[in-house]
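Below is a short briefing on one protein chain. The sequence and the structure come first, the notes after.

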Amino acid sequence: MATSPCSSSGVSSSSSSGLGADAGLEIRTRSVEQTLVPLVSQITTLINHKDKPKRSDKTLQAIQRVGQAVNLAVGRFVTVGEAIANENHELKEEMSVACIEARRAGETIAQLTDVASLDHPESDSHITIFTDKTGVVKAARLLLSSVTKVLVLADRIVIKQIITSRNKVLATMEQLEKVSSFQEFVQIFSQFGNEMVEFAHLTGDRQNDLKDEKKKARMAASRAVLEKCTMMLLTASKTCLRHPDCESARINKDGVFHRMRLALEQVIEIVTDSRPNGENEMAPISIYSGIREFKNKVEGLRENLYFLSKENLSTMLEVILEHTEDFTDSAYTSHEHREHILELSKQAKMELEQLVSVWMQAQNQKTKDLMEDLEVAILKTCQCMNELKREVHSAATSLAADLLKYHTDHMVLKALKITGVEGNLEAVAEYTCKLSEQKEQLVEMCRLLRHVSGTEPLEITCIHAEDTFQVTGPQIISAAETLALHPSSKIAKENLEVFCEAWESQLSDMSLLLREINDVFEGRRGEKRVYLSLPRPGKHNANLKALKPVKLDTEEQAKIAKLGLELHLLTSDVDSETEKWEDQENEIVQHGQGMSSMAYSMYLFTRGEGLLKTTQDLFHQAEIFATEGTKLASALHAFSDQVHEDDKPLLLLEAEKLISVCKQLQITAKASAQGKSATFTKVDACILKTRNVMTLLCQLLPLCFKLLRKNKAGNGCLKPAPPWKEDRIRTGTNAHIPERRAETFGIKSLENHVTNMTFLESK
């Protein structure tokens with residue numbers, strides 16, 4: 001079952017206010033998190049109100065309205081929570097306690113913000129938000145904690161629905177395994193189909209709601225197995241009923257049932273966040289993730305020479321090089337790739353030895369020369385690891401491309417169908433051997449692709465593909481053997497067709513997976529979206545064609561590394577700010593996201609990675625970046641017409657600053673630079689001015705977000721939530737249907753009440 005909310009981790013909030021929810025609560029789904037966002041945001045605003053010596057009546061009234069709104073909204077929220085408790089007796093005690101705490105905290109906040117009618121709200125004779133800031137913080141903390149508990153408990157009801165649905169599917173599967181007549185099978189399978197549809201809907205919603213991308217990928221893989229196996233179960237069972245004494249038909253059917261049970265079990269593990277017998281999930285480590293972690297540790301030496309030992313680094317490299325043996329030992333790796341990988345592995349050891357030597361010296365004597373030598377050693381080590389990463393990527397993807405192209409015609413599958421219908425057992429045996437060889441090739445391909453997939457979700461997809469080939473191959477063989485034994489059987493022929501289609505479908509999926517892996521490697525998608533705005537042939541300015549493309553050498557990368565790192569941190573800050581906006585289609589957000597993506601690709605350039613390969617690529621990207629900044633400034637001017645007159649001058653001033661720094665960047669990017677030294681100076685200036693723009697953007701986005709919320713509050717955005725009783729009456733006629741009840745008493749109904757907490761903010 002689901003983990004108790006009292007045994008999970010917490011909700012983050014504004015650290016400046018000291019506001020935070022119970023550290024024992026973990027939020028695993030987006031619906032719960034997004035439901036809490038307006039509450040956390042608005043209470044933080046209340047806590048962080050400015051303590052001015054003089055407060056206008058308007059300010060006092062706004063603060064009081066906030067407190068009253070919180071109390072009213074919490075009251076409605078608690079009413080729904082109590083209704084959930086009454087419908088689910090096993091949660092009643094926990095839910096009731098959380099509801100009482102929330103109601104008490106809401107009332108406390110209302111009392112402490114009851115200041116509008118007082119002549120001297122800061123007087124000690126009446127405890128208010130001005131005299132007892134700690135009391136408000138405590139009440140807010142209790143409120144967030146109790147509301148989160150209610151939401152997490154409601155989420156457990158959704159988990160319970162999925163478990164109940166799974167149990168129904170398992171029970172019906174057991175009946176299907178035991179049937180002995182077609183008529184009985186058809187009746188039970190009809191019921192099974194309806195139950196699978198319900199399970200698919202519930203798990204699909206859960207998959208979309210999961211925050212953890214790794215769990216989401218695992219859920220997608222399990223659901224894909226169940227979807228494909230449902231048709232397999234139908235034809236395999238019918239074949240077994242038609243040929244009850246056929247051993248290959250029985251093996252074929254048993255394989256489908258076993259795979260479906262494993263997939264159902266994995267879904268429950270994901271939604272309950274548990275493993276059988278309490279064991280931990282041990283995901284195999286890929287070469288990519290190993291290299292990424294190793295490089296992070298190496299680059300960390302710039303900031304701290306003492307945070308890890310040389311033994312740790314040596315062990316990490318040994319593990320990576322052990323994994324490269326999957327490539328060098330593979331019969332499918334070309335001789336050229338094998339030699340290059342072995343050569344780079346040897347070079348990586350030498351570079352690490354040199355790095356350790358300089359590092360140890362720098363620990364004893366931190367001179368300028370030694371620190372420069374250390375920087376060069378760091379860059380050489382990272383460069384070697386990048387080359388190793390490129391080589392294993394090339395080995396895996398070229399093998400995959402060749403195999404997928406070779407097997408596109410599906411000749412072995414076609415031959416199995418033909419020889420099966422002919423009843424030619426010898427020919428079927430010959431082609432099943434060829435299919436087994438093909439399966440081994442594809443399984444090896446999946447293992448190598450996993451090492452270079454680049455992201456955890458893609459790693460999981462590779463593992464799922466490997467499992468699919470491992471299982472489907474023998475199932476095709478047993479289906480073909482059944483057909484060869486009963487060549488006139490239409491159902492045996494149909495059964496083989498279904499398994500062959502599953503194989504062909506997985507091969508098609510591998511082509512898409514290969515494209516995604518290449519996209520991640522090239523920086524076109526993955527953990528960070530990179531803006532694609534490279535110059536195209538024929539689109540350049542004429543004078544650019546005469547310039548020779550230049551790459552930064554190791555020393556130049558060393559000089560610019562710190563500036564690149566600052567740019568990387570700024571892109572993370574900008575991304576955090578844009579994620580706060582509810583309207584992701586907002587023009588300000590879109591320009592901000594575009595600028596962040598372009599800045600990130602420029603950061604990758606400073607590391608010798610990503611799509612910007614030459615200095616000319618970088619200069620062109622800088623021009624596009626500056627243009628996007630100018631467009632953002634225009635959007636800010638338009639936005640200024642919507643804000644209060646008092647706030648307009650500040651916003652326009654910031655917009656003018658943005659225009660100014662973007663123009664400076666454009667001038668720098670367009671300026672000519674002849675010779676290596678001048679080109680590097682221009683690169684340095686472009687990165688520096690891009691950093692300046694991003695610094696300004698980090699100030700602009702929270703300002704706009706604040707003004708937008710303030711503007712909404714000023715326009716009376718306090719929408720009354722529909723009374724819970726009316727909702728209950730409207731759905732009362734369907735109260736006996738579990739799905740309807742789930743809609744009424746679940747996360748959605750709670751979400752509606754909390755979303756309506758769009759409180760007024762104080763000026």
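Predicted model: local features only at pLDDT ≥ 70, side-chain atom pairs only at ≥ 80, totals over all residues.

Residues are numbered from 1 along each chain as its sequence is written, and side-chain values use heavy atoms, with hydrogens and water left out.

**Whole chain**

- The chain has 23 helices and 0 strands, where helices (H or I, at least four residues) and strands (E, at least two) are DSSP runs numbered from the N terminus.
- Of its 763 residues, 51% count as buried; buried means under 20% relative accessible area, exposed over 50%, and partly exposed in between, with a 1.4 Å probe and protein chains only.
- Among contacts (heavy atoms within 4.5 Å) with a separation of 6 or more, 77% come from residues 24 or more positions apart.
- Carbon and sulfur atoms hold 51% of the accessible surface, which comes to about 36,600 Å² by the Shrake-Rupley method with a 1.4 Å probe.

**Cysteines**

- With a disulfide taken as a pair of cysteine sulfur atoms within 2.5 Å, the count is 0.
- Cys 240 is in no disulfide, and the nearest cysteine sulfur, that of Cys 246, is 7.7 Å away. Cys 240 counts as buried, at 11% relative accessibility.
- Cys 446 is likewise in no disulfide; its nearest cysteine sulfur belongs to Cys 462, 6.5 Å away. The relative accessibility of Cys 446 is 1%, so Cys 446 counts as buried.

**Helix α6**

- Helix α6 (residues 213–242) has 30 residues and reaches 44 Å from its first C-alpha to its last, close to the 44 Å expected at 1.5 Å a residue; the expected span is 1.5 Å times one less than the number of residues.
- At Cys 229, α6 bends by about 30°, the bend being the angle between axes fitted to the seven residues ending there and the seven starting there.
- Asp 212 caps the N-terminal end of α6, with a side-chain oxygen 2.8 Å from the backbone nitrogen of Lys 214.

**Thr 328**

- Thr 328 lies in helix α9 (residues 310–328) and is buried, with a relative accessible area of 13%.
- Neighbours within four places in sequence left aside, Thr 328 is in contact with Arg 338, Ile 341 and Leu 342.

**His 410**

- His 410 sits in the loop between α11 (368–406) and α12 (411–422).
- Although not a glycine, His 410 has a positive phi of about 55°.
- Most residues other than glycine have a negative phi.

Note on methods: Polar contact = N/O pair within 3.5 Å; in protein donor to acceptor, adjacent residues only side chain to side chain.
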